[in-house]
Amino acid sequence: MPAQNKDDGGWKKFIWNSETKELLGRTGGSWSKILLFYLIFYGFLAGIFIGTIQVLLLTLSDVKPTWQDRVAPPGLSHHPRSDKAELMFSPDSIETYLEYTKAIREFLTKYDSAKQDNAMEFEDCGDQPQDYKNRGDLDSDIGMRKACRFDRAWLGPCSGLEDSQFGYSIGKPCLIVKLNRIVNFRPRPLTSNETIPEEAQHKVRPHVIPMHCTNKKEEDAGKLGEVRYYGIGEGFPLQYYPYYGKKLHDHYLQPLVAIQFVNITRNAEIRVECKVFGDNIYYHDKDRHQGRFDVKISVKS
């Protein structure tokens with residue numbers, strides 16, 4: 001009688017052999033040794049990884065960024081925003097601009113006076129540009145730092161205090177602009193007029209970072225009309241800097257600039273570019289929000 005082949009019974013018997021009590025060709029004792037080996041091996045690797053992370057965390061500060069040498073200058077952003085960087089509306093149709101005014105209103109809520117009345121968190125820093133407000137080093141043990149109050153009324157007709165539609169209902173739309181936060185960043189004002197357009201050189205003054213908006217395309221020259229700027233010094237005043245980070249400056253409010261297009265040409269799509277100008281603010285072709293932004297505006301009759 002021929003000997004029975006070890007593989008008789010097919011793959012099911014290979015997975016579990018009830019006669020020899022083998023799993024995948026190995027006894028329980030063999031599997032126990034294999035599992036114990038890998039348990040020790042991966043436990044050792046996990047211990048090395050966790051220990052390395054713990055050592056790294058000991059070198060980091062909760063409030064002071066360790067490495068900032070590669071941080072790009074702050075971006076310039078605005079409200080309202082849209083996915084396609086377009087603001088297209090008709091003053092006669094509230095449905096066309098309702099989402100824009102809602103976005104501005106929600107953004108400005110944090111700037112309500114009632115939310116800045118805590119004297120332990122806020123202080124008055126004046127309504128004229130001043131020098132940096134030094135509140136100690138980041139790694140000092142002072143604790144929470146006070147922030148400068150920002151009065152919505154400084155935004156004029158774009159504040160929403162008198163015109164809840166921010167000019168959109170009369171074809172004079174507003175944009176609320178801010179410089180994005182960077183911990184411990186101090187924007188430096190221009191020391192010369194060489195890098196700012198001639199029509200904006202009058203804005204160069206101490207203790208403020210000026211902003212200027214113009215048509216991006218030459219064919220739109222003359223269509224943008226007058227642009228009005230509201231805020232402290234029509235720019236970003238230095239007393240609101242530096243920002244000390246979320247842990248020490250959670251209540252911090254960025255200074256704002258409101259821009260209003262008071263006689264923009266109707267029924268035309270105009271590409272507008274706004275820039276801030278400072279000695280340590282730069283622009284990059286691949287990042288259209290670094291120190292600037294552009295938006296297409298169309299006011300339809």
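## Lysines over aromatic rings

K275 lies over the face of Y283, 4.6 Å from the ring centre. This arrangement comes from a predicted model.

## Nonpolar core

Y229 is also one of the residues in contact with I259. I259 and F236 have the most contacts inside the largest nonpolar core, which comprises 58 residues. In soluble globular proteins, nonpolar side chains tend to be buried together.

Leaving aside neighbours within four places in sequence, the contacts of I259 include C158, P173, C174, L175 and V177. Further along the chain, I259 touches M211, C213, V227 and R228, as well as C274 and F293.

## Aromatic pairs

The count of aromatic pairs comes to eleven. One of them joins F41 and Y42, edge-to-face, with 5.1 Å from centre to centre and 75° between the planes. F41 has a relative accessible area of 37%, so it is classed as partly exposed.

The ring centres of F150 and Y240 are 6.0 Å apart; the planes meet at 65°, so this pair is edge-to-face, the cut-off being over 60 degrees. The pair links distant parts of the chain, its members being 90 residues apart. F150 is in the loop between β6 (147-148) and β7 (174-179), while Y240 is in the loop between β10 (235-237) and β11 (257-261). Both F150 and Y240 are buried.

## Aromatic cluster

F150 and Y240 also belong to a cluster linked by ring pairs, together with F107, Y111 and W154.

Terms used
Residues numbered from 1 in each chain as written. Predicted model: local features only at pLDDT ≥ 70, side-chain atom pairs only at ≥ 80, totals over all residues. Heavy atoms only, no water. Core = buried A, V, L, I, M, F, W, Y, C linked by side-chain atoms within 4.5 Å. Buried < 20%, exposed > 50% of the residue type's maximum accessible area, 1.4 Å probe, protein only. Contact = heavy atoms within 4.5 Å. Phe/Tyr/Trp six-rings, centres within 6.5 Å; stacked < 30°, edge-to-face > 60°. Helix = DSSP H or I, 4+ residues; strand = E, 2+ residues; numbered from the N terminus. Lys NZ or Arg CZ within 6 Å of the ring centre and 35° of its normal.
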